[in-house]
Amino acid sequence: MSDVTAGATNISPGDRQAFQRRHGIIGRSTEIREVVDTIMQVAPTDITVLVTGESGTGKEVIAKAIHGASRRAARRFIPVNCGAIPEGILESELFGHEKGSFTGAVETRKGYFELADGGTIFLDEIGDTPISTQVKLLRVLESGEFMRVGSSEPRKSDVRIIAATNKSLDEEVRSKRFRQDLYFRLRSVNIRIPPLRNRRGDVPLLVESFLLSLAGEARKDILITDDGMAALMRHSWPGNVRELRNVIESIIILERGNVVDEHVVAKYLHLMEEPHDERSLPMHLGKAPEQAERELIFRLLWEIKTDIQELRGMVGELQHRPPLSLPPGDNDHGGTVNMDEMTLRGMEEELIAHMLHRFHGNRRLAAEALNISERTLYRKIKDYGL
Ligand SMILES: Nc1ncnc2c1ncn2[C@@H]1O[C@H](COP(=O)(O)OP(=O)(O)OP(=O)(O)O)[C@@H](O)[C@H]1O
Ligand SMILES: [Mg+2]
């Protein structure tokens with residue numbers, strides 16, 4: 001492992017604070033300072049960085065800061081969720097494909113490695129990358145070379161890799177799910193972000209900052225009492241900074257009063273701990289899940305319909321024919337969606353398939369567009385056998 005250790009150079013507190021402000025990294029604990037010092041050292045280089053830490057600790061925040069402080073800042077930063085993209089599609093997403101290389105490859109497409117030339121690729125959830133793709137990643141890391149799917153022509157690209165995982169890659173290597181050579185290559189520099197419960201001193205700063213940005217948006221003045229803050233600091237934050245942010249957001253939106261003491265904090269921590277899926281989160285209180293679901297499906301069906309109309313328009317233009325125009329509500333003209341015959345389940349399945357297709361199998365983007373969690377999307381994909 002390369003020897004870029006925190007504090008090896010003398011970074012002044014002023015420089016560090018300015019860096020943190022510029023890149024939105026909040027925290028003054030020794031742990032965060034060490035992380036920031038390492039980032040400041042490695043950012044200007046092209047060295048591969050592995051960022052590890054529990055879910056919600058800020059791995060993506062750190063990856064973006066490294067890119068933002070590098071000579072690549074003006075070029076693209078492309079996040080790829082290696083765990084959420086199905087095996088077959090991941091390679092074509094990363095390396096591109098040639099027309100006809102597989103069913104559905106109707107045209108030649110550039111992959112992220114070509115698109116990010118001069119920039120950074122963020123390989124998120126690297127621990128979930130299929131073994132076959134790991135070999136190809138190792139090759140790019142070692143030689144900068146890759147091949148589009150369906151092509152034997154090696155291509156080169158100038159891309160910096162930052163990878164992240166909340167899994168123990170040591171454990172993954174031991175159980176033969178992760179290649180050791182790739183692991184060694186990735187962890188040239190390993191930035192470990194400690195869980196929030198090990199740096200509780202950062203809690204007040206994070207709370208202040210979230211209050212400032214989120215309460216500002218909601219035009220609400222919230223006062224956290226000393227015992228309220230103490231309760232927030234005592235909590236173990238299994239979901240780390242993301243959970244803290246969610247709790248503060250819920251308090252701002254749902255709490256009637258402006259004073260937040262330990263009882264108010266306890267109420268919201270309890271609310272977050274209850275088993276639920278995302279539709280029963282506080283944000284959705286007041287709406288029956290079925291109703292919310294139905295609204296969501298209809299909103300998105302409307303979008304599909306608009307897409308179909310647009311596509312028809314384009315096809316019409318291509319054939320020098322006036323485009324078909326569909327009156328709103330009329331959908332019986334051979335499109336994939338016939339509202340009269342579909343069940344709610346069928347519509348949902350159709351919608352999910354559509355979004356997966358639209359985002360080339362990228363489940364994270366599809367889940368975002370559908371406004372459901374990736375976990376729920378996985379479950380539904382399995383349920384529907386998609
Ligand atoms: N040090 C920090 N300063 C400011 N915001 C932070 C910090 N750490 C995390 N956050 C915020 O917490 C949330 C989660 O951060 P992020 O997405 O980077 O976590 P992650 O480690 O990538 O999580 P996951 O493993 O679930 O993908 C985001 O809203 C991010 O802005
Ligand atoms: Mg992340």
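**View 1. Tryptophan 237, tucked into a loop.** Tryptophan 237 counts as buried because it has 24 C-beta neighbours inside 10 Å, and "buried" here means 20 or more other C-beta atoms within 10 Å of a residue's own, against 12 or fewer for exposed and anything in between for partly exposed, with C-beta atoms placed from the backbone. You'll find this tryptophan in the loop between α10 (226-234) and α11. Helices and strands are DSSP runs, with at least four residues of H or I for a helix and at least two of E for a strand, numbered from the N terminus. Tryptophan 237 isn't a glycine, yet its phi is positive, about 45 degrees. Keep in mind that this is a predicted model: local features need pLDDT of at least 70 and side-chain atom pairs count only at pLDDT 80 or more, while totals for chains, interfaces and linings use all residues. Residues are numbered from 1 along each chain as its sequence is written, chains are lettered from A and ligands numbered from 1 in the order in which they are written.

**View 2. Lysine 176, out in the open.** Here's another residue with a positive phi that is not a glycine: lysine 176, at about 65 degrees. Lysine 176 is in the loop between α7 (169-174) and α8 (180-186). Is lysine 176 buried or exposed? With 9 other C-beta atoms within 10 Å, lysine 176 is exposed.

View 3. Helix α2 runs over residues 30-42, and its 13 residues should span 18 Å at 1.5 Å a residue. That expected span is 1.5 Å times one less than the number of residues. The end C-alpha atoms of α2 are 18 Å apart, which agrees. What covers them?

**View 4. The largest nonpolar core, and a second one.** A nonpolar core is a set of buried Ala, Val, Leu, Ile, Met, Phe, Trp, Tyr and Cys residues joined through C-beta atoms within 7 Å. The largest one has 44 residues, of which Ile39, Val51, Ile62, Ile66, Phe113 and Ile121 touch the most other members. Helix α2 supplies the largest share of this core, 6 residues. A second, separate core has 17 residues, including Val207, Ile224, Trp237 and Val260. Zoom in on isoleucine 62 and you'll see it touch Val35, Ile39, Val51, Ile191 and Ile193, if you skip residues up to four places away in sequence. Touching, or being in contact, means that two C-beta atoms, placed from the backbone, lie within 7 Å.

View 5. Which residues come nearest to ligand 1? Of the 16 around it, they are Ile26, Gly58, Lys59, Glu60 and Val241. A residue is near a molecule if its C-beta atom, placed from the backbone, lies within 6 Å of it. Sorted by class, the shell has 4 nonpolar, 8 polar and 4 charged residues. Ala, Val, Leu, Ile, Met, Phe, Trp, Tyr, Cys and Pro count as nonpolar, Asp, Glu, Lys and Arg as charged, and the others, Gly among them, as polar. Domain 1 (13-194) and domain 2 (198-274) both give residues to the shell, so ligand 1 lies between them. The domain bounds come from an automatic or database domain assignment.

View 6. Arginine 242 is in helix α11. Along the chain, arginine 242 and glycine 58 are 184 residues apart, but their C-alpha atoms are separated by 8.1 Å. Arginine 242 is partly exposed, with 15 other C-beta atoms within 10 Å.

**View 7. Aspartate 124, a buried charged residue.** Look in strand β5 (residues 120-124) for aspartate 124. With 23 C-beta neighbours inside 10 Å, aspartate 124 counts as buried. Leaving out residues up to four places away in sequence, aspartate 124 touches Glu60, Pro79, Val80, Asn81, Cys82 and Ala164.

**View 8. Leucine 90 in helix α4.** Leucine 90 belongs to helix α4 (residues 87-95) and counts as buried, with 25 C-beta neighbours inside 10 Å. Beyond its neighbours within four places in sequence, leucine 90 is in contact with Cys82, Ile85, Pro130 and Thr133.
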